[in-house]
Amino acid sequence: MRWESHALLGIQAVRALLPEELEWLNRESPAGPELSRLPECRTGAEQLAASCLLMDWAYEPLYAAYARQPSGLPFPHMLPDSDGRGAYFSGNAPSPQAAAELIQLKIEDCVAALRSGRRLDFYRHAGVLGHFLQDMTAPTHVIGPRLLRNLFPDPETGRCAGLTGCYSIADDLKTARPSLAGRTAGEAAFQLMNDAFFAADRAQRSIPELMRAVYARDESRCREILRGPASDAAALSARAWHTVFCLASGQFPESELSGLSPFPLDQVFPAYRHPGLYASAEPGGFCLDGRRLPLRLLTENGVSQFDSGFGMTGYSGMKFYLHGQFSALEFTLGLADHESSFLPHVRVDFTVEVSDGWNRVFSEDMLFGGRVLRKITLGPGAPARRVKVELNGAGTLILAAKAIPWQTADGETRFDIPHLAAADPVLSRS
């Protein structure tokens with residue numbers, strides 16, 4: 001047996017843990033029947049790393065209790081859909097709620113095992129948690145196989161080259177010391193889910209260049225490109241395990257608490273954006289006249305520029321999954337310093353809405369069926385205003401802008417659609 005794949009990623013993650021966490025892992029010799037199938041495990045730390053392979057054994061009765069969901073389904077080897085199946089194989093969209101719930105389940109299993117001294121159970125639960133997080137970073141697992149073939153057909157007739165060996169370069173990674181993901185299992189599940197969705201997005205972006213290298217048989221270039229996803233995978237595992245140790249002991253490093261609240265909304269993965277100019281735009285700017293420009297908003301004193309936030313049009317919607325972890329949202333709402341904001345018939349209803357779980361409603365009319373917490377109407381040249389909304393632990397946060405139609409003299413229906421932004425948006429916890 002060799003250290004490879006998920007076990008090799010696990011080794012990198014273990015090496016990043018705190019000295020006292022490593023000391024606990026190595027306090028006793030490894031145990032368990034799976035050791036005969038794992039690489040040679042000489043220490044508890046190595047057993048934890050190697051247990052990242054255990055999720056592949058979900059069909060064996062001994063390991064089913066660790067690698068299966070309460071529904072009986074095995075843990076998906078990619079971002080899950082709302083039914084807990086692999087999103088890109090099921091054909092359904094990824095569900096941040098399902099991902100957070102599965103992560104929280106494994107965190108709670110790990111903490112319970114640690115607190116009761118069940119070391120072997122801890123290794124197994126922690127290995128499944130590590131594998132699940134690692135799979136969400138792999139280019140092989142963030143796109144459907146048919147779509148991959150359609151977008152990047154093999155240039156050689158009869159050949160079936162594809163994305164393989166995504167973790168073969170993990171032996172020389174440098175994983176930074178992890179930081180606390182949360183003070184509760186829910187907080188940690190939200191943060192790790194959020195990290196995983198951003199990592200999946202980065203993995204998707206690597207695919208075009210990676211496929212070119214695969215087809216060119218350029219192994220060194222493949223390894224170079226795959227270093228990013230593999231680094232994300234090891235870092236996610238390390239952060240999850242470090243957080244589990246903190247939760248089990250009830251001790252949280254003071255230096256790691258500051259990043260938990262307040263929490264900038266533009267550090268939350270935008271899991272849904274209505275198709276249009278801003279559907280895939282980076283936060284912090286406007287898409288005006290075909291160019292990305294700073295967030296400059298109209299104010300009572302002229303124009304102000306903001307460093308962060310989300311540009312939108314007057315007919316758009318955004319959704320963020322918060323896993324019930326935040327109590328309030330504060331942001332500056334304003335129209336862009338752009339000619340579209342002064343059109344005479346500009347009238348936009350901007351709403352802040354919430355849903356209990358992950359809101360899956362698609363609407364061309366920006367009617368997502370959430371509970372409306374705040375509604376603000378913007379007119380031509382309306383100055384920016386600071387807005388605070390109590391979220392009270394909502395699941396999905398929805399920001400929606402709906403331009404109100406007007407009619408011409410001959411009865412035609414028209415819309416004046418400006419650019420606007422939710423600038424400097426910040427989430428807080430109670």
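**Helix 7**

Select helix 7, residues 119-135. Of its 17 residues, 16 are buried, so the helix is largely enclosed by the rest of the structure. Buried means under 20% relative accessible area, exposed means over 50%, and partly exposed lies in between (1.4 Å probe, protein chains only). Helix 7 reaches 24 Å from its first C-alpha to its last, close to the 24 Å expected at 1.5 Å a residue. The expected span is 1.5 Å times one less than the number of residues. Helices (H or I, at least four residues) and strands (E, at least two) are DSSP runs, numbered from the N terminus.

This is a predicted model: local features need pLDDT of at least 70, side-chain atom pairs count only at pLDDT 80 or more, and totals for chains, interfaces and linings use all residues. Residues are numbered from 1 along each chain as its sequence is written, and side-chain values use heavy atoms, with hydrogens and water left out.

Zoom in on strand 2 and strand 7 (residues 315-321). Three bridges join these antiparallel strands. Two strands pair if DSSP finds at least two bridges between them. Pick Pro270: its bridge partner in strand 7 is Phe320.

**The largest pocket**

The pocket has a volume of about 940 Å³. Here the search uses a 1 Å grid over the protein atoms alone: a pocket is an open set of points with protein on both sides within 12 Å along at least five of seven lines, a cavity is a set where a 1.4 Å probe fits but cannot get out, and lining residues have an atom within 4 Å of a point. Grid points are joined across faces, edges and corners, and a volume is the space filled by probe spheres set on the points.

Highlight helix 9 (185-215) and strand 2, which each supply at least two lining residues. Helix 9 gives the most, with seven. Then colour the lining by class: 19 residues are nonpolar, six polar and 10 charged. Ala, Val, Leu, Ile, Met, Phe, Trp, Tyr, Cys and Pro count as nonpolar, Asp, Glu, Lys and Arg as charged, and the others, Gly among them, as polar.

**The cavity**

The structure holds one cavity of 30 Å³ or more. About 30 Å³ of space lies in the largest cavity. To find it, select Arg273, His274, Tyr278, Ala279, Gly311, Met312, Ser316, Gly317 and Met318, which line it. Strand 6 (309-313) and strand 7 each give two or more residues to this lining. Strand 7 has the largest share, three residues. By class, the cavity lining has four nonpolar, four polar and one charged residues.

**A hairpin**

Move to strand 4 (residues 291-299) and strand 5 (residues 302-306), which pair in the antiparallel sense over five bridges. A hairpin joins them through two residues. Pick Leu298; Val303 is its bridge partner in strand 5.

- Leu18 sits in the loop between helix 1 (5-15) and helix 2 (19-25). Leu18 is buried, at 14% relative accessible area. Its C-alpha is separated by 8.5 Å from that of Pro178, 160 residues apart along the chain.
- Ser5 lies in helix 1. Its phi is near 50°, a positive value in a residue other than glycine. At 29% relative accessibility, Ser5 counts as partly exposed.
- Pro262 is in the loop between helix 11 (254-257) and strand 1 (263-264). The peptide bond from Ser261 to Pro262 is cis, with omega near -5°.
- Met366 is in the loop between strand 9 (348-355) and strand 10. Phi of Met366 is near 60°, positive in a residue other than glycine. Met366 counts as buried, at 0% relative accessibility.
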